[in-house]
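Hi,

Here is the structure I promised to pass on to you. Have a look at it first, and then read on for what turned up.

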Amino acid sequence: MDVFVCSGCGVELTAPMSRVALPVHTHHGGWEQLHPPLMEPATYAVEPIPTGPPWRRWQEIGADAAARQGVFAPVYSVSFGARNRIVIAPGDSRSMTLIPDKCEGYCQGVDGRAGPNLACAGCGRAVATRLDDCGMWQMVWLEPEAVVRRPSGLPAGPPPDWDDLERADHRVPPVEPDGSWSRRWEAALGVALAHLVAVTEDRPVDLPAGPVAELLGHAVGRYLPTGPGAWSLRLAGPGIHPPRPRPDVLLVPRHPLTGAPWRPPGDAGAVVPLDSGVWAYLAAPGEISPTPATGVLPKGVLRDDYPLPPRPWRPLTPHHQAFESTLVRLPAIRAPRLRRYMDAFRRAVPPVPTG
């Protein structure tokens, strides 16, 4: 396990933690809603792309400078913040104090708009940014130039691997206990749809019957056309190998440690990566009720108590910003066909300014 210390004075700034993949919903929450911590306790992840302030408008920097920041289509503003920032749960932070004049926020917390708002308690150096405003997952971002990673001396458990996807507690249900759609599902669907649009170049897609079509069909129908010549998409991953002949596109999980998409051995075909917890639910949904049954009912029998468990009142809809921000970071968006798609999409749903 690792700890992060202040690069100025060496004070330990975190509890011992193990690295995991960056959650795909990191930057995408529900508007004007309070959120729980993004990261599980004793874990951290690294964001390779530039994030946070300073922000510069696309019109000021141009396409070439934006591409160097990993943005390949016009957006309102582009981040010129640090790469490789480290995100942790607020509860794993140590020996840091808030910087009072950098605690701006929208309404119910701080949003980091002014840059690092946490200082090392040992030397006063700005080392991290806490985010906990409404619409944001609670998290602390360690600035890569202000901290140093060191071994903690404590043994870590086995690193997460494909086998973790088979555990029941790894599966993420699509519906929250209050009957709303999971925010994690909405963001994961937005990210996956961006990859699907890029792979198919705005062509129809045929989904397999079952959970994939039931949960994703409405969104795919809204974001992609219908008609003849549809590309076939099938679920594949650990324990679910693609059928023969191979479908046009495979919907596969991201590795829980590296974030890399699963691929069949020796297969270089098109894949669409999906949040591993969401994929695991689609692969083995089990009992779909968000209210667990109790007692001694036979295996496989669902309770029919009244009142019934709450259900969403609308179809599952992808997170708009998750979709758009993912699509503009895919180099494929520079193709004329996809640029026309993006222009039409923005006319239908105007972009949300960031920064």
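What percentage of the 355 residues in the protein is buried? The answer is 46%. Please keep in mind as you read that this is a predicted model.

Let me start with the overall picture. The protein has six helices and 15 strands. Its radius of gyration is 21 Å, close to the 20 Å that the globule rule gives for 355 residues, so the protein is as compact as a globular protein of that length. The C-alpha trace spans about 60 × 60 × 45 Å along the principal axes. If you take the contacts between residues at least 6 apart in sequence, 64% of them join residues at least 24 apart.

Next, the strands. Seven of them make an open sheet with mixed pairing, in the order β2-β3-β6-β10-β9-β8-β7. At its edges are β2 (18-19) and β7 (96-98), each of which pairs on one side only. Within the sheet, β9 (residues 126-131) and β10 (residues 139-142) run antiparallel and are joined by four bridges. If you want a spot to look at there, T129 stands opposite W141 in β10.

Among the helices, α5 (residues 320-327) may interest you. Six of its eight residues are buried, so this helix is largely enclosed by the rest of the structure. The buried ones are H320, A322, F323, E324, T326 and L327. Their cover includes α2 (183-200), α3 (211-223) and α6 (336-348).

Finally, a few backbone details to look up in the viewer:

- P53 and P54 are joined by a cis peptide bond with omega of about 5°; P54 sits in the loop between β3 (43-47) and β4 (55-57).
- R244 and P245 are also joined by a cis peptide bond, here with omega of about -5°; P245 is in the loop between β13 (231-235) and β14 (249-253).
- E32, in the loop between β2 and β3, has a positive phi near 55° although the residue is not glycine. Its relative accessibility is 45%, so E32 counts as partly exposed.
- S95 has a positive phi near 55° too, again in a residue other than glycine. S95 belongs to the loop between β6 (85-88) and β7, and at 37% relative accessibility it counts as partly exposed.

Best wishes

Technical notes: Residues are numbered from 1 along each chain as its sequence is written. This is a predicted model: local features need pLDDT of at least 70, side-chain atom pairs count only at pLDDT 80 or more; totals for chains, interfaces and linings use all residues. Side-chain values use heavy atoms; hydrogens and water are left out. Helices (H or I, at least four residues) and strands (E, at least two) are DSSP runs, numbered from the N terminus. The radius of gyration is taken over C-alpha atoms; the globule rule is 2.2 Å times the number of residues to the power 0.38. Buried means under 20% relative accessible area, exposed over 50%, partly exposed in between (1.4 Å probe, protein chains only). Contact means heavy atoms within 4.5 Å. Two strands pair if DSSP finds at least two bridges between them.
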